[in-house]
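Subject: Structure handover

Hello,

Here is the structure I promised to pass on. My notes follow below it.

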Amino acid sequence: MEAILAIAASGPEAAEADAARLAAQGVGALCAFVPQAALAQRLAVNEPAEAGGVVMLLPSLANPLAVARTVHAAWPQAYLLIVRAEDDLPRLRRDLGIAPMLGRQWSLAAVAEPELTTALRQALASSRQRRQLRTTLASANARLRETHAVSLGEYHRLVTSEHHLSNFLRHSQAAVLGLDAAGTVLFWSEGAAELLGVTVRRALGRPLAELGDWAREIVQAATSLAPEHPRQLVEQMVHLGGQERALEAMLLLTPAVAAGARGTSVVLRDVTARRRAQDQLREANLQLQRLVSERTEALEKSQLALLQVQKLEAIGKLTGGVAHDFNNVLQVIGSNLQLLQPLVQDAGESERLLRAALAAVDRGARLSSQLLAFARRQPLDPVPLNVGRKLHEMDDLLRRSLGEHIEVESSLAAGLWTTLADGGQLENVILNLAINARDAMPEGGRLTLEAANVVLDEEYTRTVPDLTPGQYVMLAVSDTGQGMPPEVAAQAFEPFFTTKPEGKGTGLGLSMAYGFAKQSGGHIRIYSEPGQGTTVKLYLPRSFEKEVIPPRHPTGPVQGGSETILVVEDDLAVQAVVVATLQSLGYRVLRASDAQAALSILQSGVHVDLLFTDVVMPGPLRSPELAQRARQLVPGIAVLFTSGYTQNAIVHGGRLDPGVELLSKPYRQEDLARKVRHLLLLHRQQARTPKPAEPAEQADEPSSPAGALRVLLVEDEAELREVTQQMLELLGCRVQAVASAEAADAALRAGSFHLLLTDISLPGRSGLELAREARALNPEMQVVVSSGYGKADTDADTWNLPKPYGLPELQSLIERVQATVA
C-alpha cells in the first residue's frame, strides 16, 4: 500500500487530519503526518524522492509556499499537493504568480470532499507514471553498463555519432549548457546565446555566475547535485532583453569523465508564454465562476419573483370567483335598505340603524371593488389622460384627507406623456397610496407626489413577469415615515396583509394598486427602509393618443320616467329589488330570469326602451348575444349591463368593449336612476339626429347588382375592416361588416351569405371556432380565414388569406367563390 506524507504546522488539527485520512483511504493509501519542526530531519531521508511519492501540505501551515519550495529542493521528484480552505485558494493562486518555482509536479486542492480525494487520486497517478519512466531508464542504463568492450570500428562510429550529436546541440534552438564541477561553462549552444543574449565566444571558459544575475540560482542548484540527487528543476523570474520572463532550468548531474571530475548539463526554456496562458486560464476560470454565480443569483431572484406572481394570481382567481355572489348579496341588502328609507324618516333610532346598515353596505362594496381590482377582474374604462392633470385635480381632496400635519409637495416633469388608464381607478390608487403614507407618519411628515416620463429597458423588465420594455409614465408617492423591513415589503401587495392595528386598515389598498397596475399593462414597485420612509412607484404604459377629458358625472336630484324597461336577472332577490326601484321611479318594468325568456319578450313585439341585463346569466344564450339580438329586433333600444364580476363577456384585456355601458354591483338606487335616465336621454337625442345608413347595414346596395355575392366580413380592427369592405364593394359584393364573433353569429342566424371572411384573432373567441360554427349553420357557404401569421392551420374545407392582402388577392378570392356558386 502506498504511503502519503502529510505536513502540518505542529500536530495536525482534527478536522484536517480526518480529511487527509479520509482522502487517503479513498485512494487506497496510508497517510503519515509530520510536523513542520521535524521536516528538516525527514528531508534527509531519500525514500519519497526516490519513490516519487506524494507530499500533502495541510491548511494549518502558515506559509505553504516556503515549505513547498523547501520540500521541492530536497525531493524534486516528489508530487506536492497544497491543501487549503476553499476561501483561501484565490489568495494562494495570486501569491503563486507566474512562476511558483515548484517544478511540474504540484497542484492545489480544497480541503473539502470529494475535491481532495479527486486531487489525491490524480497526484498518485502522476507519481506512478514518473516512477515507471525512471525504472525504465535505470534498466536501460544497467544493460548499457553490462555491454562488452567495443571494437575499433565501433569506437570510431561512436566518436562520429558523438560529434554529430554535439554539432546538433550546438546549433539547435534549444538552450543547452555544459558546466564543470567548478561551474565553468564548457558547452554553450546557439539557442542559449539567443535566449540569454550571451555569445558562445564570451560564455565558453567563464564561470556561469559572471554571465548575469539570472545564473545565481542555477549555480546554487548545480552545487547541490549529488549522485543521490542527480537532477533538479529550477524556475525563476529573470530580466532578459529589458523584459521580465519566466525561465525554467532542468539540471542533470553528468557522469565523471575523469578521476574526480563531474559536470552538470543544463537545459533552459523560456516558459513565459505558458505561465501567462496558465494565469489567463486561471483568471478565465475565476471569471466564469463569478459569471455563473451572478447568473445563478439572477435566476433565483427571477424564480422568487415568478413564485410571488403565481401566488398573487392564485389569490386573485379565488377572489374573483366569490365576487359575483358577494356583490349580489350586497345589492339585495342595499336596495332593500334604500327602499325602506322613506318609511323610517324621522323615526329616531330606526333611522340611525338604517344609516349604519347602509354605511356597512358601502364598506362591503368598497372591499369587493378592491378585491376585484387586485384580482384584475375590475372592468376598466381607460381613456388617454394626463397624470399631472389628475394630480392637480386631486390636490384639494388629498390635502383634506391627509390633514394639516402632513406637508404635500408635487414634482411634475415638463412634457408628460399621456397614458391609457381608467381615471376613476387611478384616483382610487393615488388616494389609497396617500392614506397609507399618512398612516406611516403619525407624528407628521412630508408626502411627495412625482410624475415623469421613463423608459424601462430589457435588463429591468427581465426580472418582472408580463412587463415589456418601452416608454412609461411613472407616478411616485413618497413619504418620510417609518419605512418597512424587507420581509414586510415582500408581502405588502398580498390582500388583507397589514401591519396596522386591528380595525385600522383592511390590507387591500396596495393590493388594489397592484391589480390596477397589472390590468393596465404596467408595473408597481416598493422601495422602503426602516426609518427612511417609503416610495411606491407606479408605471403606466405611454399612449400616443390625444388626452381626453371625461365628462362630469351627472348630479342633482334623481329623475324617473315613463319608458319601458326590460330587467333580466337570474337572482330573484336582486330582480325583485331592481324592479321595485324602477317602478318607484315611474317606469313600466318587464322582467325575465334568463336571456332566452328576455328574447321571447322582445320577439313578441312589445316595445322596450331599455334592456337592463346581468352579464353572467344561465342558459345557452349569453348576455352579449341577447343585446345584439335586441338591437336587431328593437332598433334604437338602449342596453345597460350590470354585474359584480364580468368575466370575459364584455371585458377583454381588462377593458370594457367599445360602446358597452356597465353599472357595477352593488350600486345605489340613485346610481341606477341616473344611469338609466342618462342612457334613455342619450338614445332619444341620437334618434332625433339623422345620420346616413352605413353600407354594412344596407340590404340592397344600389351600386351592387342583384346577383352580387353576399359577404360577411368579421374584423375587429376598424381601419382594416373599413378598407376591406370598400375593396369588396368595389368588386361588386354586398358586404355586412361586424367587429366580433358574437355579432357575426347573430348575422349568420339572421341572414344567408355566400362567403364568410373572418380574422383568425377576434376578441373573446377564435376565428377558427367561428368558421366551424358558420359551416355547421350553412354548409354551402365558403369560409375564408385571414391571418397576420401567414398560412393558418385551418380545416381542409376552409380557405386561407394571409395578411397583408390587397385588391388582386381579394379579386382572386371572389372569382373562386363565384365559381363555386355558379
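A residue counts as buried under 20% relative accessible area, as exposed over 50%, and as partly exposed in between. R446 has a relative accessibility of 34%, so R446 is partly exposed. Please keep in mind that this is a predicted model.

Salt bridges

R446 has a partner. Its side chain meets that of E409 in a salt bridge, at 3.9 Å from N to O. E409 sits in strand β12 (residues 406–412) and R446 in strand β14 (residues 445–456), so the pair ties together parts 37 residues apart in sequence. E409 is partly exposed too, at 34% relative accessibility.

The structure holds 22 salt bridges. Among them is the one between E283 and R290, with the closest N and O atoms 3.3 Å apart. E283 is partly exposed at 42% relative accessibility. R290 is partly exposed as well, with a relative accessible area of 38%.

E670 and R674 form another, at 3.9 Å from N to O. Both belong to helix α22 (residues 669–688), where they are four residues apart, so about one helical turn separates them. In general, an α-helix has 3.6 residues a turn, so residues three or four places apart point the same way. E670 has a relative accessible area of 37%, so E670 is partly exposed.

There is also a network: salt bridges link R84, D88 and R91.

Rings

How many aromatic pairs does the structure hold? One. The ring centres of Y460 and Y539 lie 6.3 Å apart and the planes stand at 55 degrees, so the pair is tilted. Y460 comes from helix α16 (residues 458–461) and Y539 from strand β17 (residues 533–543), so the pair ties together parts 79 residues apart in sequence. Both Y460 and Y539 are buried.

K537 lies over the face of Y527, 5.3 Å from the ring centre. R816 places its charged end over the ring of W799, at 3.9 Å from the centre.

Cores

The largest nonpolar core has 39 residues. Inside it, V387, L426, L447, I524 and L538 have the most contacts. Take L538. Neighbours within four places in sequence aside, L538 is in contact with L426, V429, V473, M474, L475, F516, A517, H523 and I524. Another core, of 29 residues, lies apart from the largest one. A215, L240, L247 and V266 are among its residues.

Helix α10 covers residues 216–223, and its buried residues are I218, A221 and A222. They span an arc of only 100 degrees around the axis, so they are on the same side of α10. The face turned away from that buried side carries R216, Q220 and T223, which are exposed.

A17 is in helix α1 (residues 14–26). Is A17 buried or exposed? Its relative accessible area is 4%, so A17 is buried. Not counting residues up to four places away in sequence, A17 touches P12 and F33.

Best regards

Terms used: Residues are numbered from 1 along each chain as its sequence is written. This is a predicted model: local features need pLDDT of at least 70, side-chain atom pairs count only at pLDDT 80 or more; totals for chains, interfaces and linings use all residues. Side-chain values use heavy atoms; hydrogens and water are left out. Rings of Phe, Tyr and Trp (its six-membered ring) pair if their centres lie within 6.5 Å; planes under 30 degrees apart count as stacked, over 60 as edge-to-face and the rest as tilted. Helices (H or I, at least four residues) and strands (E, at least two) are DSSP runs, numbered from the N terminus. Buried means under 20% relative accessible area, exposed over 50%, partly exposed in between (1.4 Å probe, protein chains only). A charge sits over a ring if NZ of Lys or CZ of Arg is within 6 Å of the ring centre and within 35 degrees of the ring normal. Contact means heavy atoms within 4.5 Å. A nonpolar core is a set of buried Ala, Val, Leu, Ile, Met, Phe, Trp, Tyr and Cys residues joined through side-chain atoms within 4.5 Å. The arc is that of the directions from the helix axis to the C-beta atoms. A salt bridge is a side-chain nitrogen of Lys or Arg within 4 Å of a carboxyl oxygen of Asp or Glu.
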